[in-house]
Amino acid sequence: MHARDLKQVNAVELSSAEHPWRSAHFANSLDSGYICEIVRIGSLVAGHCVMMIAADEASILILTVDKQHQRQGIGRQLLQHMIDLATKADCDTLLLEVRRSNERAFNLYLSEGFSEVGIRKNYYPAGSSWEDAIVMAMELKDFSFNTQ
Ligand SMILES: CC(C)(COP(=O)(O)OP(=O)(O)OC[C@H]1O[C@@H](n2cnc3c(N)ncnc32)[C@H](O)[C@@H]1OP(=O)(O)O)[C@@H](O)C(=O)NCCC(=O)NCCS
């Protein structure tokens, strides 16, 4: 993702995300050196993902696929790409948060090997009330202990 892509990235957010990030969030992510990836179909952005790496921990901050192109495997490919990048960056763990009501995303993360590791109560605004975040994690390194 480059600054010149932000208009299209913003259009994808508005088409798909219930609680879209604004362009400024993506611009800040680029400025901060976060890993910001896009998928293109032809010349159009069809999906994007932002991941932050701090020490040996990576966190996915956002993953969105354009409404028109959902359920075609793009979200899974993008997620696998981020897992690959976090592994290559030598991270131990990949973390993310998902709204309790977001069954589609939860299913995707579960099927890629993430597991639920915690709940942040009333974390996201949801209309006039609040919604829990499910914290999910994937261990990227196999630790084997010799117990002899
Ligand atoms: C979540 C999201 C990124 C998935 O992207 P996608 O390209 O549509 O997903 P894929 O086609 O790769 O599907 C991967 C898996 O996600 C789950 N999934 C996707 N769409 C689903 C739906 N409509 N109902 C149930 N599960 C769904 C399934 O487990 C699916 O695997 P399967 O097709 O083998 O059953 C996309 O729906 C999206 O952008 N949603 C809005 C933004 C959002 O919620 N982002 C996540 C924030 S944590």
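Visitor: How do the residues of the shell around the ligand divide into nonpolar, polar and charged?
Guide: This is a predicted model, in which local features need pLDDT of at least 70, side-chain atom pairs count only at pLDDT 80 or more, and totals for chains, interfaces and linings use all residues. Residues are numbered from 1 along each chain as its sequence is written. Ala, Val, Leu, Ile, Met, Phe, Trp, Tyr, Cys and Pro count as nonpolar, Asp, Glu, Lys and Arg as charged, and the others, Gly among them, as polar. Sorted that way, the shell around the ligand has seven nonpolar, nine polar and four charged residues.

Visitor: Which residues of those that surround the ligand are the closest?
Guide: A residue is near a molecule or strand if its C-beta atom, placed from the backbone, lies within 6 Å of it. The ligand is surrounded by 20 residues, and the closest are Q70, G75, R76, N107 and L108.

Visitor: Which elements give two or more residues to the shell around the ligand?
Guide: Elements here are DSSP runs numbered from the N terminus: helices (H or I, at least four residues) and strands (E, at least two). Those giving two or more residues to this shell are β3, α3 and α4 (103–111).

Visitor: Which element gives the largest share of the shell around the ligand?
Guide: Let's look at the biggest contributor. The largest share is six residues, and the element they come from is α4.

Visitor: Now the sheet: in which order do its six strands lie, and which are the edge strands?
Guide: Two strands pair if DSSP finds at least two bridges between them. The six strands form an open sheet with mixed pairing, in the order β1-β2-β3-β4-β6-β5. Each edge strand pairs on one side only, and these are β1 (35–41) and β5 (115–126).

Visitor: What angle does the direction of helix α3 make with that of β2?
Guide: Axes are lines fitted to C-alpha atoms, for helices over the stretch in contact, and angles run from 0 to 180 degrees between N-to-C directions. Neighbouring strands of this sheet are turned by 25° against each other on average, direction ignored. Helix α3 (residues 74–88) packs on the sheet, and its direction makes with that of β2 an angle of about 30°.

Visitor: Is L44 buried, exposed or partly exposed?
Guide: L44 lies in strand β2. A residue is buried if 20 or more other C-beta atoms, placed from the backbone, lie within 10 Å of its own, exposed if 12 or fewer, and partly exposed in between. Because L44 has 14 other C-beta atoms within 10 Å, it is partly exposed.

Conventions. Contact = placed C-beta atoms within 7 Å.
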